[in-house]
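User: I am new to this structure and would like to understand the terms used to describe it. Please set each value against its definition.

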Amino acid sequence: MQIRSAILGLVCLFVLASCGKDGDFTLTGKINGLKKGKIYLQRIEDTSLVNIDSVIVDGNPEFEFITDLKEPQIVYLTLEKVDAYEYDDRIMIFAEPGEMTLNTSLKNFESQAAITGSQNQQKLDEYSKVIHRFNDKNLDLIKRSFEVRKEGIEDSIIYYDTQLQNLMKRKYLYTVNFAITNKEYEIAPYLAVSEIFDANIKYLDTIYTSLKPKVRKSKYGKALKDYIEERKETNANEATTTTIDSTVVEE
């Protein structure tokens, strides 16, 4: 009986070991200072944020997610804390198949996040640093514009409105150039559809035509292609409607 029990025990251990999670993407990390809470790995599907997996933290701040990713895409690490805060914390990750790490702290969950293992993530970090400076400058100009409006200084109002418009143009052109420069990465079409979707169609076209073939076939490459076609169709319909309206007016 003892031998039989021992054999059954070994079989059970083998079964448990073989039932581990399997996937092409692994995200491991640590949230310093976290004692209790729940961590979600999420992504957007059909405009909704859905859970891929979750981990309960109870004393050990380390975590691991293993799932199927198939291709580079944006996912989110969301922390549901057991504390008095109303809102959860969320970190955006440009994930890629393979192994990635994310280390951060409970106190500065988003700002202190250090993510490695993804070339697209490196490019996203690079882009975000520059855009952060654009956003800071934008806030400063808005503040100054508000102040001169209260004082009714017309020349200054025009000046700051012009500065804001020029800053927005520079921000858009920077994004276009960044996408074209990084045409071999999936971040290029992602930025086009997420950051400058309302830009002139010629800029979006330029980004798409510059993409490497594998990037055109990616999740965001296909999304950019579909969006450009939709914009062109909408513009064509609007032009047709305008022509018809003009003919009616002339008659």
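Analyst: The protein has seven helices and eight strands. Helices (H or I, at least four residues) and strands (E, at least two) are DSSP runs, numbered from the N terminus. This is a predicted model, in which local features need pLDDT of at least 70 and side-chain atom pairs count only at pLDDT 80 or more, while totals for chains, interfaces and linings use all residues. Residues are numbered from 1 along each chain as its sequence is written, and side-chain values use heavy atoms, with hydrogens and water left out.

User: Why does T26 count as buried?

Analyst: Buried means under 20% relative accessible area, exposed over 50%, and partly exposed in between (1.4 Å probe, protein chains only). T26 has 18% relative accessibility, so T26 counts as buried. Its place is in strand β1. Of the 251 residues of the protein, 34% count as buried.

User: What is T26 in contact with, leaving aside its neighbours within four places in sequence?

Analyst: Contact means heavy atoms within 4.5 Å. On that basis T26 is in contact with E64, F65, I66, G98, E99 and M100, its neighbours within four places in sequence being left aside. The C-alpha atoms of T26 and I66 are separated by 4.5 Å, although the two residues are 40 apart along the chain.

User: What makes a set of residues a nonpolar core, and which residues have the most contacts inside the largest one?

Analyst: A nonpolar core is a set of buried Ala, Val, Leu, Ile, Met, Phe, Trp, Tyr and Cys residues joined through side-chain atoms within 4.5 Å. The largest has 21 residues, and L27, I39, F63, F65, L77, I93 and L102 have the most contacts inside it. At least two residues of this core come from each of β1 (25–32), β2 (36–45), β3 (48–58), β4 (62–67), β5 (73–81), β6 (89–95) and β7 (98–105). Apart from it lies another core, of 20 residues, including I131, I187, Y190 and Y220.

User: Why is helix α4 described as largely enclosed by the rest of the structure?

Analyst: Six of the eight residues of helix α4 (residues 187–194) are buried, so this helix is largely enclosed by the rest of the structure. The buried residues in α4 are I187, A188, P189, Y190, L191 and A192. I187 has a relative accessible area of 0% and is therefore buried. Leaving aside its neighbours within four places in sequence, I187 is in contact with F94, N120, K123, L124 and F178.

User: Why are α2 and α3 called roughly antiparallel?

Analyst: Helix α2 (residues 119–151) and helix α3 (residues 154–181) pack at an angle of about 170°, with their axes 9 Å apart. Axes are lines fitted to C-alpha atoms, for helices over the stretch in contact, and angles run from 0 to 180 degrees between N-to-C directions. Angles under 35 degrees count as roughly parallel, over 145 as roughly antiparallel, 65 to 115 as roughly perpendicular and the rest as oblique. The two helices, α2 and α3, are therefore roughly antiparallel to each other.

User: Why do D46 and K70 count as exposed?

Analyst: D46 has a relative accessible area of 73%, so D46 is exposed. K70 likewise counts as exposed, at 68% relative accessibility. The place of D46 is in the loop between β2 and β3, and K70 lies in the loop between β4 and β5. Although D46 is not a glycine, it has a positive phi of about 55°; K70, also not a glycine, has a positive phi of about 75°.
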